[in-house]
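Q: I'm new to this structure. Can you walk me through a few parts of it?

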Amino acid sequence: MAAPLVSLDDVTVQFRTDRGWTTAVDGISFDIAERDCVGVVGESGSGKSVTALSLLRLHARGTSRFPRGQVRFGGQDLLTAPERDLRRIRGRDIAMVFQDPMSSLNPVLTVCDQISETLRLHQGLDRATARRRAIELLDLVRIPDAARRVDDYPHRLSGGMRQRVMIAIAIACRPRLLIADEPTTALDVTIQAQILELLRELRTELGMAVMLISHDLGVIAEFADRVIVMYAGRVVEDAPVDALFRSPRHPYTEGLMASMPALEGGITRLYAIPGRIPDPDEAIAGCRFGPRCRHAEAICRVAVPELLAIEGRHRVRCAPRTRATGGL
Amino acid sequence: MEALVQVRDLDMAFPAGSARGQPVLLHVLHKLSFDIGPGETLGLVGESGSGKSTTGRILVGLTEPTGGSVKLFGRSITGPGRRASLAAVRARLQFVFQDPHAALDPRLRVGHSIAEPIDIAGTHSRRERNDRVRELLELVGLPRDSADRFPHEFSGGQRQRIVIARALALAPDFVVCDEPVSALDVSMQAQIINLLMDLQQRMGLSYLFIAHDLAVVRAVAQRVAVMYAGTIVESARREALYAQPQHPYTRALLDAVPRPDPGRARPPVVGGEVPSLLAPPAGCRFHTRCPHVMARCRSEVPLLRETAPGRQTACHLLDGAPPA
Ligand SMILES: Nc1ncnc2c1ncn2[C@@H]1O[C@H](COP(=O)(O)OP(=O)(O)OP(=O)(O)O)[C@@H](O)[C@H]1O
Ligand SMILES: Nc1ncnc2c1ncn2[C@@H]1O[C@H](COP(=O)(O)OP(=O)(O)OP(=O)(O)O)[C@@H](O)[C@H]1O
Ligand SMILES: [Mg+2]
Ligand SMILES: [Mg+2]
């Protein structure tokens with residue numbers, strides 16, 4: 001495997017709340033190689049977006065901190081790099097499609113203004129060229145009437161159009177890493193397929209790497225090379241895409257797969273993992289999934305399990321499931 | 001069965017600037033008609049930008065249509081009596097919107113947002129109100145102390161659940177759900193869907209359920225309408241629609257659903273030009289992307305017609321064919 005483009009090592013993120021500092025992300029480590037796509041799935045509130053934001057250090061200043069860990073990119077640690085360097089990296093080397101398009105698009109600027117901003121900042125394009133390029137980009141993300149839509153304000157666009165504008169902004173400068181946080185939730189599946197095809201082309205042509213966060217396991221299966229499963233601020237499983245879908249090993253991952261609604265077969269009540277997600281600061285001894293786990297044993301309630309390899313590049317954070325191999 | 005929601009020939013056009021001194025209109029809905037019965041869920045799926053959210057906004061009175069009629073609980077919310085009718089039905093209507101971030105006031109504590117419908121109605125004592133908020137938080141799987149926090153302290157999916165809790169606060173009769181679960185992990189999604197269905201069984205709630213995830217829609221909606229470029233192209237009971245889709249767009253949608261099987265060969269991407277609403281293609285609006293396009297499709301608009309009992313499709317391919 002090629003040297004990683006970005007490398008997260010023990011990344012930990014805390015937020016200041018009324019109740020003191022709470023840990024949202026707890027010791028996340030993984031690499032992303034050039035052209036690679038790492039898919040990230042997991043429980044809502046498990047820290048997927050917070051992890052993604054740490055690659056660009058976009059958390060609110062003052063109310064967040066990184067007590068440990070590093071994000072290595074181009075010989076620098078992005079968690080400690082000077083703000084000036086990060087401004088250069090954001091949008092040019094690493095670009096992000098945010099989960100919430102309406103709150104990340106500026107409501108008083110037109111689509112053209114917002115796409116041009118990045119192009120003029122990072123590529124020094126003049127106004128007219130940036131506008132032409134903005135229209136091309138809207139075409140590329142399959143927005144009809146691009147030449148006219150470019151002058152619309154965000155509130156006039158449908159949910160899916162806003163998402164595609166975000167994607168257009170993110171790929172405008174041909175980044176080396178695209179972080180896409182739920183980029184296609186508002187698109188119909190035929191357009192979604194076209195957008196994923198476009199991203200595939202950018203991966204092949206530019207070697208662009210992708211970190212794809214999605215709740216849609218179908219999208220992950222079709223697009224990612226490797227998948228990271230998160231639960232309560234930690235990685236609980238990390239595996240090549242085939243291995244994860246063929247033989248999920250963490251009981252939480254199994255629960256997710258069982259909860260998927262089907263397109264065929266009888267219509268029955270959906271399965272949901274029993275129990276509730278722990279609060280961020282809830283003291284849970286041992287495994288954080290333990291209280292909801294069907295397979296929990298005595299050991300799970302006392303020892304915090306480690307993320308251990310069970311087979312090749314397949315790693316699991318589950319004491320019973322890694323006991324046989326003892327970690328490779 | 002008396003329809004709870006009755007929509008007839010709904011039209012919507014937004015002003016879209018001007019060209020050569022003439023105002024230009026963006027026609028986003030064309031003669032939409034459908035009913036939703038008590039205790040029924042109508043799933044609305046379709047192309048991005050085809051007018052699903054606009055339809056939802058019209059049904060809860062947030063947008064006034066430019067044509068056609070909408071009756072809710074037997075009262076017309078279009079035409080002259082609009083204001084009075086909306087005031088009369090307001091407490092029975094709720095909505096969950098597509099963008100949870102925009103739906104929550106960032107300066108309000110979450111408990112305050114959830115209690116908003118209760119406070120407007122003024123029907124609960126302070127104690128009852130606070131108890132209800134805690135009960136609702138529990139119902140959507142959020143920690144009870146969430147009430148005192150601000151929206152920015154929550155993840156995307158958690159905010160979406162706050163919006164769902166608010167919609168259920170007053171036990172409404174009809175709820176428009178616009179992508180209510182797309183921000184949730186599949187287990188949470190299953191939990192919320194089960195909750196919506198339980199409420200429907202217990203209290204006879206009706207839903208308009210807008211979503212792009214066809215498997216989710218199949219799990220919740222007894223009937224499904226498929227939209228393309230401002231029109232309904234097919235509507236049927238779910239069993240029929242998923243087993244034997246009639247419209248080529250519905251078929252394209254079902255084929256394009258990504259499957260949780262990394263080894264599967266991906267079906268070819270349906271290409272073609274996505275239609276413009278400013279200058280919509282003549283004839284069938286899907287003809288620019290349809291794999292079965294015939295000469296006639298380029299000039300003649302197919303009408304939505306009954307192809308089997310309870311089933312309607314707008315496609316020339318079905319003309320002359322015996323009803324399925
Ligand atoms: N600014 C903040 N202040 C306090 N807590 C926060 C803040 N941002 C996020 N959190 C908390 O951090 C945790 C992780 O949030 P994150 O947004 O990363 O979740 P997620 O995995 O992206 O979930 P979803 O799938 O719902 O988007 C959540 O419990 C959330 O409440
Ligand atoms: N306030 C507005 N002013 C002008 N045009 C609007 C306005 N609201 C919606 N539109 C336009 O109406 C059309 C339909 O939008 P709508 O949001 O209803 O689509 P949708 O089917 O919900 O799409 P999506 O699946 O992407 O959410 C779009 O072309 C959109 O740009
Ligand atoms: Mg998130
Ligand atoms: Mg919408």
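A: One term to begin with: buried means under 20% relative accessible area, exposed over 50%, and partly exposed in between, with a 1.4 Å probe and protein chains only. Helices are DSSP runs of H or I with at least four residues, numbered from the N terminus. This is a predicted model, where local features need pLDDT of at least 70 and side-chain atom pairs count only at pLDDT 80 or more, while totals for chains, interfaces and linings use all residues. Residues are numbered from 1 along each chain as its sequence is written, chains are lettered from A in the order in which they are written, and side-chain values use heavy atoms, without hydrogens and water.

Q: Which residues in α11(A) are buried?
A: P251(A), Y252(A), T253(A), G255(A), L256(A), M257(A) and S259(A). That is seven of the nine residues of the helix, residues 251-259, so α11 of chain A is largely enclosed by the rest of the structure.

Q: Is C297(B) buried or exposed?
A: C297(B) is buried, at 10% relative accessibility. C177(B) is buried too, at 2% relative accessible area.

Q: And at what angle do α4(A) and α5(A) pack?
A: About 115°, with their axes 9 Å apart. Axes are lines fitted to C-alpha atoms over the stretch in contact, and angles run from 0 to 180 degrees between N-to-C directions.

Note on methods
Helices (H or I, at least four residues) and strands (E, at least two) are DSSP runs, numbered from the N terminus.
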